[in-house]
Amino acid sequence: MRLSNTITTITGGGSDGWDLFVKARKMIAEGHHITELTIGEHDIKTDTRILEAMHAAALGGATGYAMVPGIEDLRQAVATRLTTRTGVITTPDNVLITAGGQAALFAAFRAALDAGDTALYINPYYATYPGTIRSVGGVPLAVTAEADNGFLPTFEALDVAAAGSGAKALLINSPNNPTGAVYDRETLEAIAAVAIKHDLIVISDEVYDTQVWEGEHISIRALEGMAERTLVVGSMSKSHAMTGSRVGWLVGPEAAMGHVLNLLTNTNYGVAGFTQRAALFALGLGEDFEAEIGAPFQRRRALAQKALEGQNAIRLSKPSGAMYLMLDIRATGLSGDDFADKLLMERAIAVMPGESFGSAAAGHVRIAMTIPDAPFEAAIKEIAAFGAALA
Ligand code: PMP
């Protein structure tokens, strides 16, 4: 079969960064006990009430084709949510429901790029970003956010990259996976200034917007002059522990959404009505429920901070949000890859090498805070002791 270059080059060649994860899973399958701190998925299942709402909706007939843009009530609920949370007046015409945030990311890049156009993204980055850009024939160009700058991108770095590449789009993600960085107003203003200067579409991945432990979540769409050039990616996956339901959204200017709707018609042809109804019910559970979903991560972040006190080998890189911690292991003299491998083989703990998320996270490992408190705390203490022995 003579396949397109676009599809055969999506991964960009080389490792996809999941080698350690696969190795750990293989060891588990062989009967080893491994503590897994690798995957960004809650250690709880979707709440029973949400599942009951899904079941009731399906039994009630929401099993046919749903409206392609999304069911009206859910679009309205998302619009109200964004209006309330960001202050930007948002209507259902600004909202399209997608199969998770990932499908919204794809749609956003499809909207922003023609074949051969460059899109900037920030390194370290969530694993799918460059592949999503390549999926639409775009050229991904990473802009480094230095560990020593709290993994925040700077005006200078973005300005140089935008000027040099003639990029059409810039993808940002705050709260950030993998770093836990929450972009402050100053950083977002710098990003907005670059976007306006170089006429970039900003794709703002805000799927962790309910998980902020320090500072506040600010949507770049709310900054002056940004609503007309920003596409916001949102999702029920992280905020409501609904990863498998595949409900997310893209929010942007009405005219842009009109074109994206044509893409949705010709790709997924809508999202299952019963999962959309479940999402609507879940949003109705309100902020207390969202806080409950996020609480374990906030708690474990504090446990980790405490467990890492009184030693210098493993440094916690100021995680302000999301379900991850970045540990700076440079004092051990190992790379993130080597540290993670050694930790797996010698202490049976699986963490993600920072290098899996880009060169800017080299010398770090990412910890997903997605196991119960007691084993989590024990694992962090073990990692601290392991680091101290190496340093
Ligand atoms: N963006 C980021 C930063 C993520 O971490 C994830 C999931 N891990 C997604 C988008 C996509 O999530 P979903 O498609 O489940 O909404």
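The expected span is 1.5 Å times one less than the number of residues, and helices (H or I, at least four residues) and strands (E, at least two) are DSSP runs numbered from the N terminus. The model is predicted, so local features need pLDDT of at least 70 and side-chain atom pairs count only at pLDDT 80 or more, while totals for chains, interfaces and linings use all residues. Residues are numbered from 1 along each chain as its sequence is written, and side-chain values use heavy atoms, with hydrogens and water left out.

**Helix H4**
- Leu74, Arg75, Val78, Ala79, Arg81 and Leu82 are the buried residues of H4, where buried means under 20% relative accessible area, exposed over 50% and partly exposed in between (1.4 Å probe, protein chains only).
- Seen down the axis of H4, these buried residues fall within an arc of 160°, so they line one face of the helix; the arc is that of the directions from the helix axis to the C-beta atoms.
- An α-helix has 3.6 residues a turn, so residues three or four places apart point the same way.
- Gly87, which follows H4, has a positive phi near 80°.

**Strand S10**
- Five of the five residues in S10 (residues 324-328) are buried, with Tyr324, Met326 and Asp328 pointing one way and Leu325 and Leu327 the other.
- S10 pairs with strand S12 (residues 364-368) in the antiparallel sense over five bridges, where pairing requires that DSSP finds at least two bridges between two strands.
- The bridge partner of Met326 in S12 is Arg366.
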